[in-house]
Amino acid sequence: MNDRIKDLLLNTFGKDCVVFNVSAKNFTSFKTGGELAAVVFPSEKKHIEFLFNLSKEGVSVRFIGCGSNLLISDDGFDGIMAITKKISGISRSEKELSVLAGTKLSTLIKFCIKKDISGFEFLAGIPGTIGGALINNAGIKEKSISQVVLFVEYMDKNGLWQRKGKNEIIWDYRYSGLREKSFFVFSTVLIGEKGDPDQIKKKIALIMKKRKETQPLVFPSAGSVFKNPPGFFAGKLIDQAGLKGFKVGGAMVSEKHANFIVNTGNATSTDVFNLMKYIQKTIINRYNITLEPEIELLGRFP
Ligand SMILES: Cc1cc2nc3c(=O)[nH]c(=O)nc-3n(C[C@H](O)[C@H](O)[C@H](O)COP(=O)(O)OP(=O)(O)OC[C@H]3O[C@@H](n4cnc5c(N)ncnc54)[C@H](O)[C@@H]3O)c2cc1C
């Protein structure tokens, strides 16, 4: 990254909100990845407009919420990585919640408990931001975030701010059309319902208990690595293929949940990538089923 861009970043974001040459391990739940040339912390729309203009000059700009669905290559990223956590906040009008993109799902859950709003319990335990959840249409088997969306406000790929209703956006299993249409997702309006505080807490406690029982939450990971192929569960196929506990370097197929790859301590992103390839090859050879990644790969991989 050249000095002119570095100076521009420092002038725009201030020295407390720019870091150069920092490891991606600090910004991903896998705790892997190489060096990021520049990390910035935008906090308002004009920062996004600035980043858009830089991207038009040819500088690569990417956004990270909690980095909980990302595998960043060991070569790192030579552009600008913008962390969204300073674009955060929730306001309420009756059953509608306006939520800024960098708000953590856990903050939304706490807000709903405090204000007796139900309908969002299914998001409990998903370690991401609203922005990342909208991009991925995050959720569980029974419910995805698209089901509680009324509007999304985003900057499109031409640099124009848009406000679209839920039905104007394509939603699919762990996919939303925002991935192609947006440069940046800024906020959303979600619809909940008046709930009973005890029932809300009970539901959340149950979901969290199930997660603790079935997921390897003590290790760094990015959740489910592969999407469930139609009619199958990726985890079940990987388990049946005998891959639980299989390791490449420091990356291991979790013993607890076969669709999780965990970082046992010193995994590189290449270890995770090579393990993913090995799993895919095994499942194709054994069942003739292609496993599509649910996690997102960013950067160069072998
Ligand atoms: C232990 C564990 C359990 C998990 N369980 C689930 C689960 O049950 N269900 C589920 O769906 N997922 C699950 N996940 C995966 C992950 O938490 C979700 O995909 C989550 O929605 C990602 O949010 P994030 O903020 O971390 O996004 P990131 O990983 O930071 O980013 C994901 C993508 O969104 C983009 N992005 C993020 N914010 C913005 C923005 N404001 N504007 C534009 N682009 C943006 C990024 O550039 C990237 O392309 C789990 C992960 C872990 C580690």
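This is a dialogue about how to read several features of a predicted model.

Colleague: What should I know about the numbering and the model before I start?

Modeller: Residues are numbered from 1 along each chain as its sequence is written, and this is a predicted model in which local features need pLDDT of at least 70, side-chain atom pairs count only at pLDDT 80 or more, and totals for chains, interfaces and linings use all residues. Side-chain values use heavy atoms, with hydrogens and water left out.

Colleague: Into which domains is the protein chain divided?

Modeller: Domain bounds come from an automatic or database domain assignment. Here they give domain 1 (3-86), domain 2 (90-212) and domain 3 (216-298). The C-alpha centres of domain 1 and domain 2 are 24 Å apart. Contact means heavy atoms within 4.5 Å; on that basis 15 residues of domain 1 are in contact with 16 residues of domain 2.

Colleague: How is a pocket found, and what volume does the second largest pocket have?

Modeller: Rolling a probe the size of a water molecule over the atoms shows where empty space is left. On a 1 Å grid over the protein atoms alone, a cavity is a set of points where a 1.4 Å probe fits but cannot get out, and a pocket is an open set with protein on both sides within 12 Å along at least five of seven lines. Lining residues have an atom within 4 Å of a point. Grid points are joined across faces, edges and corners, and a volume is the space filled by probe spheres set on the points. For the second largest pocket this volume is about 210 Å³. Its lining has 17 residues, and the closest to its centre are Gly65, Cys66, Ile83, Lys85 and Lys104.

Colleague: Which classes of residue make up the lining of the second largest pocket, and where does the pocket lie?

Modeller: Ala, Val, Leu, Ile, Met, Phe, Trp, Tyr, Cys and Pro count as nonpolar, Asp, Glu, Lys and Arg as charged, and the others, Gly among them, as polar. By that scheme the lining has 5 nonpolar, 9 polar and 3 charged residues. The pocket lies between domain 1 and domain 2, because both give residues to its lining.

Colleague: Which residues of helix α1 are buried, and which are exposed on the face turned away from them?

Modeller: Buried means under 20% relative accessible area, exposed over 50%, and partly exposed in between (1.4 Å probe, protein chains only). Helices (H or I, at least four residues) and strands (E, at least two) are DSSP runs, numbered from the N terminus. In α1 (residues 3-13) the buried residues are Ile5, Leu9 and Phe13. Seen down the axis, they fall within an arc of 40 degrees, so they line one face of the helix; the arc is that of the directions from the helix axis to the C-beta atoms. Asp3 and Asn11 are exposed on the face turned away from that buried side. The cover over the buried residues includes β1 (18-23), β2 (35-40), α2 (45-56) and β5.

Colleague: Which residues of α3 are buried?

Modeller: In α3 (residues 105-115) they are Leu105, Leu108, Ile109, Phe111 and Cys112. Their arc around the axis is only 160 degrees, which puts them on the same side of α3. The face turned away carries the exposed residues Lys110 and Lys114.

Colleague: Are Glu94 and Arg174 buried or exposed?

Modeller: Glu94, in the loop between β6 and β7, is exposed, with a relative accessible area of 67%. Arg174, in the loop between β11 (171-172) and β12 (175-176), is buried, with a relative accessible area of 14%.
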